[in-house]
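I am opening my notebook on a new structure today. Come along while I look things up one at a time.

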Amino acid sequence: MNTVLEALRGINSYPIPLRTIKEVAERRVVDIYSETTLSMLKSREFNLCRADLLLWLSYAPNVTQGGQSYSFTDEQRLRMRNMAQQLYDELEEDEGLPKTLYGYKGKRL
């Protein structure tokens, strides 16, 4: 049986740091060491974790680790952002999205 951690790492072969997965899971109140079940994989919390990680991956740097290179094309990055946005829309979540900032900037009005 797989754990939630393994399921989240299975989103992509890119080496997502454990601390990143832990932070995302803690924010979404998901126990990464519990066993995966069908209901867990379909849960809102798990899918929000997936969306958060897809968004994180879309901005992840290209790396070389142990002789293995991991890189994404601009198209792949856009696709991951779109997949994350689709999950946020389905789950009615806007927390992971960039917010528009309004305010005064400058010295004169």
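**Entry 1: the whole chain.** I started with burial and found that buried residues make up 33% of the 109 residues in the protein. I kept in mind that this is a predicted model. Next I listed the elements: the protein has five helices and two strands. Read from the N terminus on, I get the order α-α-α-α-β-β-α. Then I looked at contacts with a separation of 6 or more, and 66% of them in the protein are between residues 24 or more positions apart.

**Entry 2: helix α5.** I wanted to check the span of α5, which covers residues 74-90. At 1.5 Å a residue, its 17 residues should span 24 Å, and I find the end C-alpha atoms 24 Å apart, which agrees.

Which residues of α5 are buried? I noted Arg77, Met80, Ala84, Leu87 and Tyr88. Looking down the axis of α5, I see these buried residues fall within an arc of 100 degrees, so they line one face of the helix. A reminder to myself: an α-helix has 3.6 residues a turn, so residues three or four places apart point the same way.

What do the buried residues of α5 pack against? My note says α4, residues 44-58. On the face of α5 turned away from its buried side, I found the exposed residues Asp74, Glu75 and Glu90. Just after α5, I also marked Glu92, which takes a positive phi of about 50 degrees.

**Entry 3: α2 against α4.** I moved on to another partner of α4, helix α2, made of residues 18-27. The two helices pack at an angle of about 140 degrees, and their axes are 9 Å apart. Angles over 145 degrees would count as roughly antiparallel, and α2 and α4 are therefore oblique to each other. I wrote down the crossing of α2 past α4 as right-handed. On the α2 side, the contact is made by Thr20, Ile21, Val24, Ala25 and Arg27. On the α4 side, I listed Cys49, Asp52, Leu53 and Trp56.

Entry 4: Where does Asn62 lie? I found Asn62 in the loop between α4 and β1, the strand of residues 63-65. Asn62 has a relative accessible area of 48%, so I call it partly exposed. Leaving out residues up to four places away in sequence, Asn62 touches Tyr70, Ser71, Phe72 and Arg77. Arg77 was already in my notes, as one of the buried residues of α5. Last, I checked Asn62 against Tyr14: they are 48 residues apart along the chain, and their C-alpha atoms are separated by 9.3 Å.

Methods: Residues are numbered from 1 along each chain as its sequence is written. This is a predicted model: local features need pLDDT of at least 70, side-chain atom pairs count only at pLDDT 80 or more; totals for chains, interfaces and linings use all residues. Side-chain values use heavy atoms; hydrogens and water are left out. Helices (H or I, at least four residues) and strands (E, at least two) are DSSP runs, numbered from the N terminus. The expected span of a helix is 1.5 Å times one less than its number of residues. Buried means under 20% relative accessible area, exposed over 50%, partly exposed in between (1.4 Å probe, protein chains only). The arc is that of the directions from the helix axis to the C-beta atoms. Contact means heavy atoms within 4.5 Å. Axes are lines fitted to C-alpha atoms, for helices over the stretch in contact, and angles run from 0 to 180 degrees between N-to-C directions. Angles under 35 degrees count as roughly parallel, over 145 as roughly antiparallel, 65 to 115 as roughly perpendicular and the rest as oblique. A crossing is left-handed if the near helix is turned anticlockwise from the far one by less than a right angle, and right-handed if clockwise.
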